[in-house]
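Subject: Structure for your files

Hello,

The structure we talked about is below. My notes on it follow.

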Amino acid sequence: DGKLACVAWPFTIVSIPSIFTDAFRWCAYQAYIFITLVNKCKKLVAFKPLNDPTSIVSTELVEIAVKGSSVWILHKDGLLERLNISTGKVDLRKNYLKRTPINSLIPKPIVIDSDNMVWIYPGLNNSGAVYYNEANDQWKQLDIDSTPALSNSFVRGIISDHQGLLWIATDHGGINLFDRKKNTVRVIQHE
């Protein structure tokens with residue numbers, strides 16, 4: 001259908017970032033997403049911008065995250081898209097980050113938690129973190145002024161555990177354990 005372009009293996013690209021999941025290697029370069037089908041046919045599939053509202057927007061990509069059959073794509077200008085791997089089409093596009101102070105032209109890591117919430121944080125300034133809840137189509141900001149509040153708005157990293165807690169590492173503010181279901185933050189600091 002014009003969404004996928006296959007090229008022979010091997011194919012050299014500069015990848016930012018590169019993600020390994022099961023039998024696939026995902027990487028992004030400028031406005032393209034490449035999937036290396038490692039264990040199957042050893043071909044490279046490229047998802048590329050086309051003149052079509054369901055293809056990836058042609059602005060520069062800064063981060064991708066893979067969860068299930070979706071690739072979440074963050075563009076340098078703050079646009080967030082979700083690419084359905086099965087159809088090769090973008091089925092969700094959000095501009096929230098383009099309109100908020102958390103957006104700037106710096107790369108922002110994406111984390112998908114155990115409840116499929118999309119977490120984004122710049123990791124360079126005191127902007128905290130935001131997460132997107134697709135079920136209610138809402139964004140929530142977490143920082144020192146939010147309820148609940150983080151101990152520091154300079155977020156360095158986020159991971160999700162098997163119990164659904166988010167471990168949010170802050171710069172000189174310790175680890176903030178965020179329980180989204182209870183809407184609480186517990187701070188762990190070195191004494």
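Two strands are said to pair if DSSP finds at least two bridges between them; helices (H or I, at least four residues) and strands (E, at least two) are DSSP runs, numbered from the N terminus. This is a predicted model, in which local features need pLDDT of at least 70 and side-chain atom pairs count only at pLDDT 80 or more, while totals for chains, interfaces and linings use all residues. Residues are numbered from 1 along each chain as its sequence is written, and side-chain values use heavy atoms, with hydrogens and water left out.

Strand β7

Strand β8 (residues 80-84) pairs with β7 in the antiparallel sense over five bridges. Strand β6 (residues 61-67) is likewise antiparallel to β7, over six bridges. The β6 and β7 hairpin has two residues between its strands, and Gly68 there takes a positive phi near 60°. Four residues separate β7 from β8 in their hairpin, where Gly78 in the turn has a positive phi of about 100°.

Strand β7 (residues 70-75) is largely enclosed by the rest of the structure, because six of its six residues are buried. Buried means under 20% relative accessible area, exposed over 50%, and partly exposed in between (1.4 Å probe, protein chains only). In a regular strand the side chains alternate between the two faces of the sheet. In β7, Ser70, Trp72 and Leu74 are buried on one side, and Val71, Ile73 and His75 are buried on the other.

Salt bridges

A salt bridge here is a side-chain nitrogen of Lys or Arg within 4 Å of a carboxyl oxygen of Asp or Glu. The whole structure has seven. Among them is the one between Arg93 and Glu81 (2.7 Å, N to O). It links strand β9 (residues 89-94), which holds Arg93, to strand β8, which holds Glu81, twelve residues apart. Glu81 is buried at 0% relative accessible area, whereas Arg93 is partly exposed at 32%.

Arg82 and Glu134 also form a salt bridge (2.6 Å, N to O). Arg82 lies in strand β8 and Glu134 in the loop between β12 (129-133) and β13 (138-142), so the pair ties together parts that are 52 residues apart in sequence. Arg82 is buried, at 11%, and Glu134 is partly exposed, at 34%. Arg82, Asp91 and Glu134 are linked in a network of salt bridges.

Regards
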